[in-house]
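Here is a short report on one structure. Look at the model first, then read on.

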Amino acid sequence: MTSTHEKRRTSFDAVVDTDGVARASRHTLLAQVATQVSRLAVSVILARLLTPQEFGVVAAAMVVMVVAWQLTDLGTAAVIIQREVVDEALVSSVFWFNLAFGGTLSALTLAGAQPLADALGQPQAAPAIRLLAAVSLLGAIGNMHHALLRRTMQFGRLATITIANAVVNSVLGIGLAIAGAGIWALVIGTVAGVATSTVAAWWFMSWRPSLVLSVRRLREVARFSIHFFFSNSLAVVFDQLDKVIISRMLGGAPLGTYAVAQRTVLSPVQAVSGAVSTVSFSAFARGQDDPEKLRAGASRAAGVVALVLLPAMVGLAVLAEQAVAVVYGPQWEAAVPVIQVLGPVAAVQALACITASVMLAKGRSDWLYRWTLAYCLVGAAAMAVAAQWGLVGVSLALATVVAVLKPFEMRMALGLIDMRLSTYARTLLPHVLITTVMAVTAWLVAQGVAQVGGGSLDQLLAGTAAGAVVHLGLAWLCRVPALDDARRVLGRWAVRK
């Protein structure tokens with residue numbers, strides 16, 4: 001006879017195999033693409049309607065929201081995913097702890113909206129920050145349900161939740177933007193999307209919290225959780241640090257320009273790396289005691305990310321001038337050099353997310369915390385000094401920090417699974433060579449079209465098409481293994497006749 005406790009415990013577990021990971025990746029990729037496309041669409045429309053100064057106000061408010069959102073669960077969701085065994089007492093205790101912390105964080109953000117806006121150098125952002133304070137509480141209510149769906153590999157349902165968030169966010173945001181709501185279009189759309197996500201998570205995950213709050217169970221996970229919280233907090237700070245420095249030292253208009261450039265770069269990166277890192281952490285955690293399996297998983301995940309993101313980001317950098325002119329218009333010309341610098345950097349950061357998942361799956365959140373602290377300290381100093389050279393200076397400083405420190409972090413993480421960095425790099429070398437040929441081809445074709453009088457749109461279309469043909473052709477001729485993994489992820493979308 002199986003006890004109630006055992007039934008409850010096994011309901012939190014899932015079997016992980018290659019096909020399951022492929023399905024999970026497919027669902028998560030679909031959700032990420034929908035999310036990033038919707039966010040980029042809202043940004044493009046707002047960029048057409050707002051000035052860089054007005055967009056800077058939105059960016060400042062979103063800095064506060066992103067930080068508060070990421071700090072909501074204190075790393076406890078990662079604990080639920082990473083631990084080999086969880087039970088009702090632990091999950092319920094974590095839920096109530098999260099709810100209390102999220103409510104407190106929301107209240108503090110609401111009360112401190114004006115000082116926070118003043119500190120960012122954008123006092124006009126205070127009303128938007130007040131409304132965005134609700135995100136912390138809404139996120140805390142749904143965090144455990146999202147974590148349990150990830151732990152049990154129910155990525156189909158998670159994809160539905162994410163897409164529902166994206167649809168509500170984009171429809172409401174675009175509708176309000178067209179109606180003339182200005183910065184409130186993005187703010188209201190964001191809050192409504194998070195509320196939808198939380199309601200949907202409760203709908204799809206049948207678990208409900210019991211009236212249990214065990215301090216002893218919370219202490220059991222405190223070490224991993226606290227280290228993850230600190231590393232996540234520092235990562236969020238590092239991700240927002242460039243915008244804070246730009247806002248304080250350069251002003252609202254440069255911040256708006258930088259925010260548009262960064263969103264352009266991050267939309268495709270987050271669509272792919274977000275899907276891969278989300279699934280890889282859950283899958284790696286379930287196989288954390290099998291180094292051979294983790295080595296194979298890390299190599300294959302890196303290959304898929306490199307196959308998609310290296311050409312996308314390098315291609316975007318090569319054709320940045322044409323892309324900005326066509327998509328955003330001449331008022332955003334200052335975003336071009338920022339995109340040219342940040343594009344390749346974003347691809348490197350995406351590859352590093354995979355090794356970070358290995359570190360977390362092996363329970364070494366303390367290592368990740370120490371490395372993230374190094375990023376923050378070095379990055380803050382570098383970007384503050386480089387701000388005197390404007391947006392390009394800040395972008396180059398960020399690129400230098402990533403290029404110098406990321407290889408050391410990756411080497412340390414790979415050491416946990418007895419894998420050399422050189423072995424990991426060999427997986428990426430064919431993609432680097434193919435991408436180089438692709439980039440040269442795209443640039444030459446775009447320049448050729450310009451010489452015969454073609455406009456920005458003609459150059460962008462011709463360069464993109466030529467680059468895509470060369471990249472796919474070389475990848476097929478070289479038989480890169482990532483093609484098979486990509487087809488497996490795409491499933492029936494890529495079945496060959």
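Glutamate 292 is exposed, with 57% relative accessible area. Exposed means over 50%, buried under 20%, and partly exposed in between (1.4 Å probe, protein chains only). Glutamate 292 sits in helix α14, residues 291–318. Helices are DSSP runs (H or I, at least four residues), numbered from the N terminus.

This is a predicted model: local features need pLDDT of at least 70, side-chain atom pairs count only at pLDDT 80 or more, and totals for chains, interfaces and linings use all residues. Residues are numbered from 1 along each chain as its sequence is written, and side-chain values use heavy atoms, without hydrogens and water.

**A charged patch**

Glu292 belongs to a negative surface patch, together with Glu84, Asp289 and Asp290. Patch residues have over 30% relative accessible area and no salt bridge, and like charges are joined within 9 Å. A salt bridge is a side-chain nitrogen of Lys or Arg within 4 Å of a carboxyl oxygen of Asp or Glu.

**Aromatic rings**

How many aromatic pairs does the rule give? The count comes to 3. Rings of Phe, Tyr and Trp (its six-membered ring) pair if their centres lie within 6.5 Å; planes under 30 degrees apart are stacked, over 60 edge-to-face, and the rest tilted.

Phenylalanine 95 lies in helix α5 (residues 88–111) and tryptophan 202 in helix α10 (residues 184–204), so the pair ties together parts 107 residues apart in sequence.

Phenylalanine 95 also pairs with tryptophan 207: the centres are 6.0 Å apart and the planes at 75°, so this pair is edge-to-face. Tryptophan 207 is in the loop between α10 and α11, 112 residues from phenylalanine 95 in helix α5.

How accessible are these residues?

| Residue | Relative accessibility | Class |
|---|---|---|
| Phenylalanine 95 | 4% | buried |
| Tryptophan 202 | 23% | partly exposed |
| Tryptophan 207 | 3% | buried |

Ring pairs link Phe95, Trp202 and Trp207 with Trp96 into a cluster.

**Leucine 241**

Is leucine 241 buried or exposed? Leucine 241 is buried, at 15% relative accessible area. Helix α12 (residues 222–249) holds leucine 241. The C-alpha atoms of leucine 241 and valine 63 are 9.1 Å apart, while the two residues are 178 residues apart along the chain.

Conventions: Patches are made of residues with over 30% relative accessible area and no salt bridge: like charges are joined within 9 Å, nonpolar side chains (Val, Leu, Ile, Met, Phe, Trp, Tyr) within 5 Å. Accessible areas come from the Shrake-Rupley method with a 1.4 Å probe; for residues, only the protein chains shown count as cover. Lys and Arg count as positive and Asp and Glu as negative; His and the chain ends are not counted. The place of a charge is taken as NZ of Lys, CZ of Arg, CG of Asp or CD of Glu. Helices (H or I, at least four residues) and strands (E, at least two) are DSSP runs, numbered from the N terminus.
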